[in-house]
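Reader: I would like to learn how to read the features of a structure like this one. Please take them one at a time, with the general idea before the case.

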Amino acid sequence: QVQLVESGGGLVQPGGSLRLSCAASGFTFSLYAMSWYRQAPGKERELVAVISNTGGSSDYADSVKGRFTISRDNAENTVYLQMISLKPEDTAVYYCCRNGVRTYWGQGTQVTVSS
């Protein structure tokens, strides 16, 4: 029923940029806040960014403030994460998440920042 499909990851050099997308289906997208999480090897999953259901407000982890921008298009049922000035420490699997009483996760997309 609920489906979240991330895309846009890949290998990028330090200082580069990527735009991740998450296509949502199976629920009323405009009623839910959405989040991006990431998980690096050997580390716990951490919250990267969150956006309200309308897109009117957002918040970010301190480590990505000023570099990452979360946005959404409710007409397209899609949430985005624009990442610039990427650093090796940004390397992780990035997951899209639907906030709510019951949490849903996508399969994730790999972002690797390396020279």
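Reader: Why is C97 too far from the closest cysteine sulfur for a bond?

Author: The general idea is a distance test: two cysteine sulfur atoms count as a disulfide if they lie within 2.5 Å. This is a predicted model, and in it the sulfur of C97 is 7.4 Å from the closest cysteine sulfur, that of C96, so the two are too far apart for a bond.

Reader: Is C97 buried or exposed?

Author: The cut-off for buried is under 20% relative accessible area. C97 has 3%, so C97 is buried.

Reader: How many disulfides does the rule give, and which cysteines form a disulfide?

Author: The count comes to one disulfide. C22 and C96 form a disulfide, with their sulfur atoms 2.2 Å apart.

Reader: Which parts does the pair of C22 and C96 tie together?

Author: Look up the strand of each cysteine. C22 belongs to strand β3 and C96 to strand β9, so the pair ties together parts that are 74 residues apart in sequence.

Reader: Is the disulfide of C22 and C96 left-handed or right-handed, and why?

Author: Read the torsion about the S-S bond. For C22 and C96 this torsion is about -80°, so the disulfide is left-handed. As for burial, C22 has a relative accessible area of 0% and is buried; C96 is buried too, with a value of 0%.

Reader: How do strands of a sheet pair?

Author: Strands of a sheet pair through backbone hydrogen bonds, and the pairing is either parallel or antiparallel. Here four strands form an open sheet, in the order β1-β3-β8-β7, with antiparallel pairing. The edge strands, each pairing on one side only, are β1 (3–7) and β7 (68–73). From one strand to the next, the twist averages 15°.

Reader: How many bridges join β7 to β8?

Author: Six bridges join these two antiparallel strands, β8 being residues 78–83.

Reader: Which residues have the most contacts inside the largest nonpolar core?

Author: A core is read by its members and by their contacts with one another. The largest nonpolar core here has 28 residues, and those with the most contacts inside it are W36, V79, L81, M83 and Y94. Strands that each supply at least two residues of this core include β4 (34–39), β5 (46–51) and β11 (109–113). The largest share, four residues, comes from β3.

Key
Residues are numbered from 1 along each chain as its sequence is written. This is a predicted model: local features need pLDDT of at least 70, side-chain atom pairs count only at pLDDT 80 or more; totals for chains, interfaces and linings use all residues. Side-chain values use heavy atoms; hydrogens and water are left out. Two strands pair if DSSP finds at least two bridges between them. Axes are lines fitted to C-alpha atoms, for helices over the stretch in contact, and angles run from 0 to 180 degrees between N-to-C directions. A nonpolar core is a set of buried Ala, Val, Leu, Ile, Met, Phe, Trp, Tyr and Cys residues joined through side-chain atoms within 4.5 Å. Buried means under 20% relative accessible area, exposed over 50%, partly exposed in between (1.4 Å probe, protein chains only).
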